[in-house]
Amino acid sequence: MTLSKTEQNIIEKAIRDVPDFPKPGIIFKDITTLLGNKEAFGVLMNHLYQRYKEYNLDYIAGIDARGFIFGAALAQMLGIGFVPVRKRGKLPSTTISEKYSLEYGFDEIEIHLDAFSGVSHARVLLIDDLIATGGTANAAANLITKAGATCVEACFIISLEFLDGVKNLQQKTDVYSLIKVS
Ligand code: AMP
């Protein structure tokens, strides 16, 4: 199930470009305008539902924080569980963690060790708003595997195609993005 040109235009037009945020030279893709636009948000969620209802998924894992919004909404539509992939230090029970490189230094994300334990060999869709370098999504896909589940696909509303994030992540899992920015 792919996106029609009309649906793609509606979603793309609802995303706001904010130049020089959070620092000079970055064009920040602001999805708050998409969330606030009931037509565009509806088109997006309906498309994701139509695509993923055939995937036999057990869970959606959403990346902190914007992946929570789309991921939780989609999990509810599909009638499956939602697992938050959080920044370090936020989850209260036993966690597993994965470090990944940033431009300067590193960051770390975590999930609960027992996050997918409700289903053996759980099939998981990973979701976030945007993939840039792919460092965050790559670490999240590793966590899903470490927790004993399978990352069936990684889904992004936006992919920055001038970076190698998608190419790198494709070595680990299938990747689907709705809006490709070149
Ligand atoms: P990366 O690990 O480099 O793929 O970065 C992905 C994470 O950073 C995602 O959670 C995005 O929400 C955020 N991000 C990176 N670049 C941008 C951008 N240009 N606009 C909006 N969010 C971004």
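**Note on the aromatic pairs and the open sheet**

1. The structure holds 5 aromatic pairs. Rings of Phe, Tyr and Trp (its six-membered ring) pair if their centres lie within 6.5 Å; planes under 30 degrees apart count as stacked, over 60 as edge-to-face and the rest as tilted. This is a predicted model, in which local features need pLDDT of at least 70 and side-chain atom pairs count only at pLDDT 80 or more, while totals for chains, interfaces and linings use all residues. Residues are numbered from 1 along each chain as its sequence is written, and side-chain values use heavy atoms, leaving out hydrogens and water.

2. Take Tyr59 and Phe116. Their ring centres are 5.3 Å apart and their planes stand at 70°, so the pair is edge-to-face. Tyr59 is in strand β3, and Phe116 is in the loop between β6 (106-112) and β7, 57 residues apart. Helices (H or I, at least four residues) and strands (E, at least two) are DSSP runs, numbered from the N terminus. Both Tyr59 and Phe116 are buried. Buried means under 20% relative accessible area, exposed over 50%, partly exposed in between (1.4 Å probe, protein chains only).

3. Phe68 and Phe82 form another pair. Their centres lie 6.1 Å apart with planes at 85°, so this pair is edge-to-face. Phe68 belongs to helix α4 and Phe82 to strand β4, so the pair ties together parts 14 residues apart in sequence. Phe82 has 27% relative accessibility and therefore counts as partly exposed.

4. Now the sheet. It is open, has 7 strands in the order β5-β6-β4-β3-β7-β8-β9, and its pairing is mixed. Two strands pair if DSSP finds at least two bridges between them. The edge strands are β5 (95-101) and β9; each pairs on one side only. On average, neighbouring strands are turned by 20° against each other, direction ignored. Axes are lines fitted to C-alpha atoms, for helices over the stretch in contact, and angles run from 0 to 180 degrees between N-to-C directions.

5. Strands β3 (residues 59-63) and β7 (residues 123-131) run parallel, joined by 4 bridges. Ala61 stands opposite Leu126 in β7. Helix α3 (residues 38-52) packs on the sheet and touches β7, β8 and β9. Contact means heavy atoms within 4.5 Å. The direction of α3 makes about 155° with that of β9.

6. Strand β8 (residues 150-160) runs parallel to β9, with 7 bridges between them. Ile158 stands opposite Ile179 in β9. Strand β9 (residues 174-181) is mostly covered, with 6 of its 8 residues buried.
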